[in-house]
Amino acid sequence: MMYQAVDFERPIVEIEKKIEELRIIANGGGMDVDEEIRRLEKKARRLTRDVYLKLSRWQRTLLARHPTRPYMLDYVGLMCEGFIELHGDRAFADDHAMVGGMAWFEGIPVMVIGQQKGRDTKDKVYRNFGMAHPEGYRKALRLMKLAEKYGRPILTLIDTPGAYPGIGAEERGQAEAIARNQFEMATLRVPLIAAIIGEGGSGGALALGVGNRVLMQENAIYSVISPEGCASILWRDTAKAPEAAEAMKITAQDLAELGVVDEIVREPMGGAHRDHKRAASLLRRVIRRHLRELMAMSPEEIVAQRIDKYRQIGVYEEI
Amino acid sequence: MEWFKKIKPKVRVREKKVKMPEGLWVKCDACKEIVYKQELEKNLNVCPKCNFHFRISAWQRIEQLADPGTFVEFDQGVASLDPLGFKDSKRYKDRIKENVEKTGLNEAVICGECQLGGFPIQMCVMEFAFLGGSMASALGEKITRAIERSIERRMPLVIVSISGGARMQEGVLSLMQMAKASAALAKLSEQGLPFISVCTDPTTGGVSASYAMLGDLIFAEPRALIGFAGPRVIEQTILQKLPEGFQRAEFLLEHGMLDKIVDRRDLKHTLVQSLKFFLAEPVEKGA
């Protein structure tokens with residue numbers, strides 16, 4: 001896989017490249033480079049720790065959007081078996097930015113739904129960069145209702161810059177579709193786990209995000225508006241996005257502190273993109289635990305817990 | 001007379017005039033006609049010449065809708081804090097303070113109980129002058145409490161929305177209020193209690209993508225801007241000019257997103273008739 005690094009990753013990637021080259025030389029014949037390789041590996045590890053243990057909120061944003069980060073379908077492939085994709089909202093179209101279907105998670109039949117981003121240019125356009133139209137949210141809701149009808153838990157994997165802002169989207173009621181999903185999700189009688197695996201972009205994310213549990217990978221972000229959008233409105237300058245990211249507090253750590261996220265899911269050192277399999281297995285373990293807890297609850301308890309969870313969120317005073 | 005046209009007063013000047021409380025005359029934003037202020041007010045702040053609906057305050061709206069002397073406010077002490085310690089060009093804390101002083105409100109919504117054509121209801125009316133009617137923790141809390149009061153007291157709910165969207169200064173907490181209010185509305189709906197949403201100019205972003213679009217009935221004032229994304233964001237995304245009338249109430253009606261566009265002067269009557277339809281005992285004629 002071509003490895004595309006974001007700026008702050010480059011020094012680490014450089015060293016790794018050097019190690020790789022040395023290995024090739026060593027295999028080629030005779031030269032003893034073990035010592036040098038060990039030295040470089042140690043350096044790479046130290047550098048990785050230094051960089052990743054104190055990432056700024058903006059750096060995490062770049063990781064959340066990393067071009068080689070695992071996407072929804074990657075996780076489905078790595079965490080579930082027998083995925084059968086189901087298409088269309090039965091009203092207007094099939095939205096390729098939104099994927100959903102039946103799958104088995106460790107033997108449990110679950111409905112899995114999420115936004116899908118594209119890898120190459122053609123794929124990105126096909127997936128509309130993971131930005132769904134109303135028909136995408138309506139498809140998602142149709143599948144959630146189907147899961148509820150047959151008592152199957154729902155797993156949503158959230159990764160979107162936001163709901164698509166376009167003419168067709170407005171004509172077909174983007175606001176209504178997002179509102180409707182929250183409204184209907186609140187009273188679904190089956191367990192719903194939402195995991196933010198990359199970008200949790202505002203209403204477009206929340207439309208899949210009203211869960212009994214909200215999990216968030218450690219380099220994912222979740223915000224009311226993109227850092228660029230916030231910067232352009234409040235600072236009148238998109239270049240101030242890093243400041244906006246800091247001010248809005250959009251990381252998993254921040255959201256756990258605000259009571260919005262229930263658990264932070266660890267990623268492999270250096271980010272999920274460095275080891276898709278390991279990232280998926282870390283996520284799977286956390287989902288499994290929560291799914292077990294929720295499946296032991298009655299439908300009434302499931303609904304009450306979910307509504308109550310959102311009822312508690314907010315910081316205000318009473319004068 | 002080309003040269004003469006060019007010295008028309010600019011928008012800014014006009015706005016100032018509209019806001020001047022002691023002014024006797026007001027210039028209409030739409031038809032530019034000069035209107036006698038008293039006449040305008042008597043007409044519920046709708047231009048008598050062209051029917052342009054001037055923006056009104058939450059208290060004015062309540063006065064227009066609630067049966068006289070019946071409105072009792074609740075939760076007026078619920079106020080915004082600054083959970084993120086947010087600062088852009090100004091500190092969020094200072095912004096709140098300024099807006100409290102400017103509007104006399106603690107948050108961008110007034111919630112209470114009143115009678116509407118004799119029906120006891122819960123009513124929430126948003127205030128644009130308070131930080132653009134933006135969605136925030138305190139606002140979400142007040143709306144949610146009003147919904148819960150509707151359930152407890154078995155009363156219908158009317159929300160009059162006006163909002164520029166989310167309050168970025170509260171970050172994701174602002175977003176979560178959408179889910180909080182929507183979840184409460186789901187409970188209200190299960191109880192079979194009517195919820196009527198009235199969208200006024202503008203109703204966009206987080207408010208439109210939650211309770212404003214979840215009414216059993218959704219009404220809007222003529223020409224109100226209603227949508228998910230703001231027109232500027234859409235223009236920047238698709239790099240095209242937007243069609244005339246895009247995201248206006250008439251556009252939404254055309255696309256099946258509204259039940260009805262209601263002239264402000266008919267709003268009370270339409271609300272009362274709707275409540276009658278949902279709640280009044282049927283009376284058989286000629287029986």
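How many residues does helix α5 of chain B have, and how far does the helix reach from its first C-alpha to its last? The model is a predicted one, in which local features need pLDDT of at least 70 and side-chain atom pairs count only at pLDDT 80 or more, while totals for chains, interfaces and linings use all residues; side-chain values use heavy atoms, with hydrogens and water left out. Residues are numbered from 1 along each chain as its sequence is written, with chains lettered from A and ligands numbered from 1 in the order in which they are written.

Helix α5(B) spans residues 92-103, so to speak a 12-residue run, helices being DSSP runs of H or I with at least four residues and strands runs of E with at least two, numbered from the N terminus. From first C-alpha to last it reaches 16 Å, close to the 16 Å expected at 1.5 Å a residue (the expected span is 1.5 Å times one less than the number of residues). Four of its residues, B:Tyr92, B:Arg95, B:Ile96 and B:Asn99, are buried, where buried means under 20% relative accessible area, exposed over 50% and partly exposed in between, with a 1.4 Å probe and protein chains only. They sit on the same side of α5(B) because they cover an arc of only 100° around the axis, taken from the directions from the helix axis to the C-beta atoms. The buried residues pack against β4 (78-80) of chain B, with contact meaning heavy atoms within 4.5 Å. On the face turned away from that buried side are the exposed residues B:Lys93, B:Lys97 and B:Glu101. Just after the helix, B:Gly104 takes a positive phi of about 75°.

Next, the nonpolar cores. Such a core is a set of buried Ala, Val, Leu, Ile, Met, Phe, Trp, Tyr and Cys residues joined through side-chain atoms within 4.5 Å. The largest has 139 residues, of which A:Tyr222, B:Met123 and B:Tyr211 touch the most other members. Helix α7 (residues 171-190) of chain B supplies the largest share of this core, 12 residues. Not counting residues up to four places away in sequence, B:Tyr211 touches a set of residues including B:Met126, B:Leu139, B:Ile159, B:Leu185 and B:Phe195. A second, separate core of 26 residues includes A:Val99, A:Phe105, A:Val112 and A:Ile287.

Then there are the charged pairs. Over all chains, the search finds 45 salt bridges, each a side-chain nitrogen of Lys or Arg within 4 Å of a carboxyl oxygen of Asp or Glu. In one of them, A:Glu246 pairs with A:Arg57, with the closest N and O atoms 2.7 Å apart. A:Glu246 lies in helix α11 (residues 241-248) and A:Arg57 in helix α3 (residues 57-64), both of chain A, so the pair ties together parts 189 residues apart in sequence. A:Glu246 counts as partly exposed at 32% relative accessibility, whereas A:Arg57, at 18%, counts as buried. A:Lys117 and A:Asp159 also form a salt bridge, at 3.1 Å between the closest N and O atoms, and both residues are buried.

A network of salt bridges links A:Arg311, A:Glu318, B:Asp75, B:Glu141, B:Arg145, B:Glu148, B:Arg149 and B:Lys180. A:Arg311 is found in helix α14 (residues 299-311) of chain A and counts as buried at 19% relative accessibility. Its side chain makes polar contacts with the side chains of B:Glu141 (2.9 Å) and B:Glu148 (2.6 Å); a polar contact is a pair of N or O atoms within 3.5 Å, where within protein one must be able to donate a hydrogen and the other to accept it, and residues adjacent in sequence count only if both atoms are side-chain atoms.
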